[in-house]
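Here is my note on the model you sent, written as numbered points that can be checked against the coordinates.

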Amino acid sequence: MPDFLSELNKRQLVFDGATGTMLQRLGLKPGGCPDELCLKNPELVKKVHRVYVEAGSDIVTTNTFGANRAKLEEYSLEGALREINVAAARCAREAIGDRRFVAGGLGPTGRFVEPVGDMTFEAALAIFSEQARALKEGGADLIIIETMMDIKEMKAAIMGAKSTGLPVVATMTFDETMRTVLGTPPESFAIMAAALGADCIGANCSLGIEGIYKAVLAMSKVVSIPLIAQPNAGLPMLKGTETVFPASPEEMAAFVPKLVEAGVKVLGGCCGTTPEHIKMMGDVFRGLAPAGKRTVGFTALASRTSFSLFGGKLPAIVIGERINPTGRKAFAAEIKEGKTTGIRNEARGQEAAGAHALDVNVGVPGIDEVASMRRAVFAVNENSILPAVIDSSNPEAVLAGLRAVDGRPLVNSISGEEKKLETILPIAKEYGAAVLGLALDDDGIPDTAEGRVKVVERMLERVLKVGMRKEDLVIDLVIDCLAMTVSAAPLSAMETLRAIRMVKEKLGLSTVLGVSNISFGLPAREIINSNFLTMAIEAGLDAAIINPNNKAMMDAYHASLVLMNRDLRAERYIKRHQALTEAAPAAIPKEAGVSCAPAGIGERLRQGIINGDEENITALVEEALKEGWEPLKISNEALVPGLEEVGRLFSSNRYYLPQVMLSAETMKKAFARLKVEMKGKSGPALGKVLLATVEGDIHDIGKNIVATLLENHGFEVIDLGKNVPADRIVEEAERNKVDIVGLSALMTTTVLEMDTVIKRLRDKGIKALTIVGGAVVTQEFSDKIGADQYGGDALSAIEKMKKMVKANA
């Protein structure tokens with residue numbers, strides 16, 4: 001039996017195409033649990049595997065996309081999880097023999113991981129580990145993770161799959177904006193997945209082959225591991241009573257050379273692709289020489305919605321230092337009380353000031369640092385797009401931060417001290433983090449550059465030994481605030497600069513420095529610090545830990561990049577200068593989140609919704625009530641306008657779904673307080689909406705999001721749930737006299753049920769308007785089945801329903 005990774009190293013490999021498309025072609029009817037087929041009708045599944053092998057597939061995927069505990073619970077089949085997954089892997093092996101590979105397939109749970117959703121990271125990790133173990137037991141050669149939308153869920157899936165020791169292939173699904181539903185770009189996913197140890201990564205589903213090409217091309221710029229492309233056969237269309245995918249085998253095969261140029265080493269298909277597609281694409285694929293091996297000479301960090309690259313020949317970045325209680329009594333007291341207002345303000349303020357990553361330190365004596373770190377990281381994730389730096393000497397707090405964080409963080413810190421190397425390195429490796437290495441050991445900070453470099457060399461050896469990469473180590477050349485300042489040791493600054501050059505030139509590592517310690521004990525420290533920052537960047541510093549709200553430091557930073565030709569056409573410098581000029585003559589606040597003049601209660605309520613301030617929104621409502629605001633005034637003049645602004649930010653791609661959901665949850669808390677004041681009474685609803693995922697489909701994430709937003713916009717919502725028969729939808733629509741029926745479907749096998757529901761509503765004479773949505777639903781499909789509106793994204797659907805109700809009034 002060949003080894004998957006060995007074969008991948010030798011040659012290009014071809015996956016199979018769409019399982020659902022082939023099962024439908026072979027006569028499978030919608031309904032029931034498709035993952036149970038390996039128990040109920042194994043010969044049908046084997047037939048699908050065989051036709052793909054005959055078409056040239058090197059790898060077939062088990063029929064287990066929804067065979068995780070969370071999905072099987074929908075069918076009361078969670079007790080059969082092991083049996084289903086083992087049977088699926090054995091079914092595939094029996095169909096293809098030992099000359100091809102069996103990939104155990106993992107799909108999403110259908111739930112979001114907190115703080116976006118209600119599933120804990122630990123629960124998600126347990127779910128994927130359980131399924132991956134069963135697939136390995138059945139004989140899978142590798143694990144493939146497909147169609148993920150949540151980067152946190154993907155992290156859990158990769159770690160769960162890696163726990164089996166099998167090779168891991170991971171793909172996410174992106175829309176035409178090159179982001180997932182939750183706002184993740186291909187680069188952020190790629191950076192995180194590669195660091196977690198995935199062996200091959202890429203994109204599948206949602207898009208045709210041109211869109212998948214764009215996604216993998218973006219990934220190729222930030223990682224060096226093999227890439228996989230699994231495009232749909234175009235976007236689905238309704239032809240008569242059949243859902244079809246329009247891209248022909250010839251059209252898709254013609255695009256394959258571009259995929260190879262982008263670095264694709266593994267090629268397969270998703271929805272709508274057939275053995276004919278796979279054969280034609282595979283023939284072209286195998287006839288092309290693979291692209292040359294890519295190398296990555298920089299360090300990469302990622303959040304859910306953005307990423308930061310530094311090191312090599314890239315411009316230096318700024319790491320914001322302000323989320324730190326050291327020397328800040330009020331900030332420390334807030335952390336001790338379990339509050340996050342200051343953390344959230346600092347996160348937003350430092351991002352606005354130009355930081356590229358945010359250090360998160362909650363080291364207050366006497367607190368539960370584990371719980372505090374988790375809270376702080378959630379707050380940063382929710383209020384900034386920037387990657388996080390987990391800053392703690394407590395391994396348990398570091399672990400809590402790594403579990404809570406979105407994307408790929410930097411851990412601050414390890415050192416040459418044996419205890420830190422033994423405790424921090426293994427968890428950083430497991431969770432895919434980069435590590436900041438302090439150039440000191442058990443004997444302290446060496447006085448000379450040569451001494452520090454020796455410590456760094458030992459650290460690098462240990463980092464490589466645990467399986468991390470060279471670019472995963474970022475070196476802090478350390479300036480002791482008492483012994484190594486220029487006031488106490490005049491040569492210390494020059495020695496630190498020499499150490500930066502040596503680490504860059506001799507070891508090729510990225511470097512970082514907390515700049516402000518150099519001036520400790522001197523007056524006008526800002527002058528010393530800003531000039532030293534310029535010198536350090538010239539010496540090769542890649543990341544500066546500074547206060548980005550300090551104008552002098554940021555002036556020095558931007559000027560240095562221009563003078564060193566690291567700011568192309570001085571674009572960053574000019575953009576910042578223009579922003580500062582436009583802001584004048586208003587003074588720039590010294591502290592993030594502190595405004596020059598206090599806003600009125602209405603504006604603070606509006607901002608509370610925009611910023612998703614769950615922690616303080618109830619108190620703000622109380623304040624408004626004390627000032628004599630009526631509940632309806634609070635709602636109509638403050639809360640609703642805030643939510644409308646969130647919609648505008650979402651439409652302009654400045655907010656993504658996690659921020660929208662946070663604002664919606666904040667709105668819920670505000671309304672909960674208003675309802676108490678109104679003693680159960682409420683203003684008239686905008687309209688009554690019935691929502692349902694159609695029969696045969698158990699996917700309801702999108703529908704649930706729409707339901708939450710509708711309620712917050714003043715609609716009365718009747719949510720029938722998922723897998724709802726047409727007759728029940730019609731019956732409930734008639735009984736409740738609803739204004740709108742909203743239908744959702746994710747699967748091509750169930751989308752035509754929408755047509756059935758709409759026809760039955762009309763046959764019954766029900767005058768409710770209809771709106772349809774879901775991953776496979778398009779405007780063209782909506783028009784063909786006679787829906788009154790196509791939903792599109794969640795916020796667009798809300799605006800359309802407002803107009804529908806108004807027009808129908």
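The points below go from confidence to the sheet, the helices, the salt bridges and the backbone.

1. Confidence. This is a predicted model, and the mean pLDDT of the chain is 91, with 96% of its residues reaching 70 or more. The stretch to set apart is residues 586–596, where the pLDDT is below 50 and where the model shows 12 contacts beyond near neighbours in sequence. Where pLDDT is low, the predicted coordinates should not be read in detail.

2. The eight-stranded sheet. Eight strands form an open sheet with parallel pairing, in the order β1-β10-β7-β6-β5-β4-β3-β2. The edges are taken by β1 (13–14) and β2 (59–61), each of which has a single partner strand, so one side of each is left without a neighbour in the sheet. Within this sheet, β7 (residues 227–230) and β10 (residues 264–267) are paired in the parallel sense over three bridges, and Ile228 has Val266 in β10 as its bridge partner.

3. How many of the residues of α9 are buried? The count is 11 of its 11 residues, and the buried residues include Glu187 and Ser188 along with Phe189, Ile191, Met192 and Leu196. Gly197, which follows α9, has a positive phi near 100°.

4. Strand β19 (residues 510–514) is mostly covered, four of its five residues being buried. Strand β18 (residues 473–476) runs parallel to β19 and is joined to it by three bridges, with Val474 and Ser510 as bridge partners. The pairing of β19 with β20 is also in the parallel sense over three bridges, and here Gly514 stands opposite Ile545 in β20.

5. A helix pair. The axes of α23 (residues 601–610) and α25 (residues 631–651) come within 8 Å and cross at roughly 40°, and the crossing in which α23 passes α25 is right-handed. On the α23 side the residues that meet α25 are Gly602, Leu605, Arg606, Ile609 and Ile610, and their counterparts in α25 include Ile634, Leu639, Leu643, Glu645 and Val646.

6. Salt bridges. The structure holds 48 salt bridges. In one of these, the side chains of Arg69 and Glu130 meet at 2.6 Å, N to O, and the pair links distant parts of the chain, since Arg69 is in helix α5 (residues 69–72) and Glu130 in helix α7 (residues 121–137), 61 residues apart. Arg69 counts as partly exposed because its relative accessibility is 28%.

7. Glu457 and Lys506 meet in a salt bridge at 3.2 Å, N to O, a pair that links helix α18 (residues 449–465) with helix α19 (residues 492–507) across 49 residues. Glu457 is partly exposed, at a relative accessible area of 29%, whereas Lys506 counts as exposed at 55%. Lys504 forms a salt bridge with Asp542, their closest N and O atoms being 2.8 Å apart; Lys504 lies in α19 and Asp542 in the loop between α20 (525–539) and β20 (543–546), so this pair ties together parts that are 38 residues apart in sequence. Asp542 is buried, with a relative accessible area of 2%. Elsewhere, salt bridges that share partners join Glu7, Lys10, Arg11, Asp58 and Arg286 into one network.

8. Backbone points to check. A cis peptide bond with omega about 10° joins Glu114 and Pro115, and Pro115 is found in the loop between β3 and α7. The peptide bond from Asn412 to Ser413 is also cis, with omega near 25°, and Ser413 lies in strand β16 (residues 410–415). Arg569 is a residue other than glycine with a positive phi, near 55°, in the loop between α21 (551–563) and α22 (571–583), and Arg569 is exposed at 60% relative accessible area. Asn653, likewise not a glycine, has a positive phi of about 60°; Asn653 sits in the loop between α25 and α26 (657–677) and is partly exposed, at 46%.

Technical notes
Residues are numbered from 1 along each chain as its sequence is written. This is a predicted model: local features need pLDDT of at least 70, side-chain atom pairs count only at pLDDT 80 or more; totals for chains, interfaces and linings use all residues. Side-chain values use heavy atoms; hydrogens and water are left out. A salt bridge is a side-chain nitrogen of Lys or Arg within 4 Å of a carboxyl oxygen of Asp or Glu. Helices (H or I, at least four residues) and strands (E, at least two) are DSSP runs, numbered from the N terminus. Buried means under 20% relative accessible area, exposed over 50%, partly exposed in between (1.4 Å probe, protein chains only). Two strands pair if DSSP finds at least two bridges between them. pLDDT is the predictor's confidence in each residue, from 0 to 100. Contact means heavy atoms within 4.5 Å. Axes are lines fitted to C-alpha atoms, for helices over the stretch in contact, and angles run from 0 to 180 degrees between N-to-C directions. A crossing is left-handed if the near helix is turned anticlockwise from the far one by less than a right angle, and right-handed if clockwise.
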